[in-house]
Amino acid sequence: MLIYGRRRDADPNEFITVDLSDAAIQSLMQLFVDGPTWDGNLISKGDRSALVAKGLVDRFDGWNFLTWEGVGIALTIGREVAGEWEDQ
């Protein structure tokens, strides 16, 4: 799925396009709803690694968290997907 967002240091009218699989979207939304998450509690480390490569997730000392761009993309995806996570 192609999702549009912005980079933190970019012109406000400049958009980025990110192509994410459904599984990567689920991993992104896990971090959006749950906040920083320990490696062992991630849905998928493979999808997390793909999100890191796209600059949407960062890692530190076993913890995974959204970057500024990752938060923007998660907000773009919308509250409906986040609402599904609240129900889990």
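**Exercise 1. How many cavities of 30 Å³ or more does a search of the whole structure find?**

Before we start: this is a predicted model, where local features need pLDDT of at least 70, side-chain atom pairs count only at pLDDT 80 or more, and totals for chains, interfaces and linings use all residues. Residues are numbered from 1 along each chain as its sequence is written, and side-chain values use heavy atoms, with hydrogens and water left out.

Step 1. Rolling a probe the size of a water molecule over the atoms shows where empty space is left. Here a cavity is a set of points, on a 1 Å grid over the protein atoms alone, where a 1.4 Å probe fits but cannot get out.

Step 2. The search turns up one such cavity of 30 Å³ or more. About 30 Å³ of space lies in the largest cavity, a volume being the space filled by probe spheres set on the points, which are joined across faces, edges and corners.

**Exercise 2. Work out which residues line the largest cavity.**

Step 1. Lining residues have an atom within 4 Å of a point. That picks out S27, Q30, L31, L42, I43, S44, R48 and L51.

Step 2. Sort them by class: four are nonpolar, three polar and one charged. (Ala, Val, Leu, Ile, Met, Phe, Trp, Tyr, Cys and Pro count as nonpolar, Asp, Glu, Lys and Arg as charged, the others, Gly among them, as polar.)

**Exercise 3. Find the aromatic pair and classify its geometry.**

Step 1. Rings of Phe, Tyr and Trp (its six-membered ring) pair if their centres lie within 6.5 Å; planes under 30 degrees apart are stacked, over 60 edge-to-face, the rest tilted. The structure holds one pair.

Step 2. The ring centres of W38 and W63 are 5.4 Å apart with planes at 70°, so the pair is edge-to-face.

Step 3. It bridges distant parts of the chain, 25 residues apart: W38 sits in β3 (residues 37-38), W63 in β5 (residues 63-66).

Step 4. Check exposure, where buried means under 20% relative accessible area, exposed over 50%, and partly exposed in between (1.4 Å probe, protein chains only). W38 is partly exposed at 41%, and W63 is partly exposed at 40%.

Note on methods:
On a 1 Å grid over the protein atoms alone, a cavity is a set of points where a 1.4 Å probe fits but cannot get out, and a pocket is an open set with protein on both sides within 12 Å along at least five of seven lines; lining residues have an atom within 4 Å of a point. Helices (H or I, at least four residues) and strands (E, at least two) are DSSP runs, numbered from the N terminus.
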